[in-house]
Structure formats: C-alpha cells, structure tokens
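Open the model in your viewer and keep the selection panel at hand.

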Amino acid sequence: MNPDDAPNQEPAVHDEEVLAISEDMLHRERIDLEAGMSPAPPVTILLILACTLIFAMQVQIGGLDNVQRIVETGAMQREAVLEGDFWRLISAGFMHAGGDHLIGNMVMLFILGMACEHAFGRRSSLFLYTACCVTGFLLTMASPSPTPTVGASGAIFGLAGAIISLAWVHRDRIEIRDRRVGFVLGIWSVYTLAMGLLSQIVANSCHL
C-alpha cells in the first residue's frame, strides 16, 4: 500500500507539549475582609468592659494618686515581677494612666479586636491579645531604665501587627474596602507613642 493512501492519524502528543496550568493562571475572586464582620465582637467587648471597670476601680481607690499607689494597685514593676508577682504582666494591661489613655485605647481595641475576631476567631484573638500584653511588658522590663507601667496599648499594637501582617502576606487575595483605617491606625500610633514620651507610666518599649 502506498503510504500516502493510509488514513490520517493524529500526531503524537508529547508530555512537554501539554499545557501546564500554573497557580497564577487560576482566576480567584479577592476576599472581602470586612464581609460578614460582626459589629459586636464578644471577646473584644468583654475586654473593653474589663478595662473600663478596672479603671473605675483605680479612680475610686485613689490608684492614680502617684506612682507608688499605681504600683500598689497592680502596675508592672520589674522588681516586683522578679520577686514572683508574675500576675502583674496581665493586671497592668487592664490598668490605665488616665481617662484619655483609656478612651484612646478602647476605641482602637474595638476596631482592631473586631477585625481580629473576624479574621482569626475568638480564641485565637484572645490568645494573641494576652500573648502581646505579656510580651510587651517583658520587653519593658528588659529596657535600660524600666519604670512602673500600665496600659492595654502594648496588646493592641500586637493586634494591629497581626492584621497588618495578614493583609500584607495575602495582599493579592484580600480586599480592604475602606483604606482610611490605615490613616486612623497611623494617627493612633503617633498619639500613643507620644503618650509614651510624656507619661512616666506609659512605655514605648511595650508599644514597640
């Protein structure tokens, strides 16, 4: 038989000619980080209530009269912690140096706590808050001239770091509708760092 008379055959397909579907070829919708976010995050609200109640108790018992009184009522102090008062690494995170200190922290705790509970879950958010609170005060203890310290801002800076890290690592998939939150976060950070410079019981080492 003449080879030209043979029926047409499909050419062999080699493996290297098969189209490989790569990760960047797949179409994905961006994730709306704010979709379904609860306006009443329970863990965050409990933390805010606890901080507010403890501040009211500070005022009632004269816990803001002077530095010594603040230490007596539960502030973080290196010598006391080294002597076994480890609970101060937690209690100090629920105390504040004044009304403006409390209000500024609670506003940002509500915003960032709401985002963290939505992104990471309640248990993880509570663990993150506690771990950052303790870590912040431990860093304060390691500073050259540690002073008695109070405030929730160290833990709140930790929540901010977690959300910023999440948004950066998954920046190709996560959509943040309102970019002004970054502006608000920036203003609060500057304000809080300024308080660390002006108040002798608010430490920037804890914030950092």
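Colour the protein chain by secondary structure: from the N terminus on, its elements run β-α-α-α-α-α-α-α-β-α-α. That gives nine helices and two strands; helices (H or I, at least four residues) and strands (E, at least two) are DSSP runs, numbered from the N terminus. This is a predicted model, in which local features need pLDDT of at least 70 and side-chain atom pairs count only at pLDDT 80 or more, while totals for chains, interfaces and linings use all residues. Residues are numbered from 1 along each chain as its sequence is written, and side-chain values use heavy atoms, leaving out hydrogens and water.

Next, select Leu-109, Tyr-129 and Ile-156. Within the largest nonpolar core, which has 31 residues, these have the most contacts. Such a core is a set of buried Ala, Val, Leu, Ile, Met, Phe, Trp, Tyr and Cys residues joined through side-chain atoms within 4.5 Å; buried means under 20% relative accessible area, exposed over 50%, and partly exposed in between (1.4 Å probe, protein chains only). Two or more residues each come from H1, H5 (99–120), H6 (122–141), H7 (153–169) and H8 (180–198). H5 gives the most, seven residues.

Zoom in on Ile-156. Leaving aside residues up to four places away in sequence, Ile-156 touches Asn-105, Met-108, Leu-109, Leu-112, Tyr-129 and Trp-188 (contact means heavy atoms within 4.5 Å).

Finally, select Leu-49 in helix H1 (residues 42–60). Leu-49 counts as exposed because its relative accessibility is 53%.
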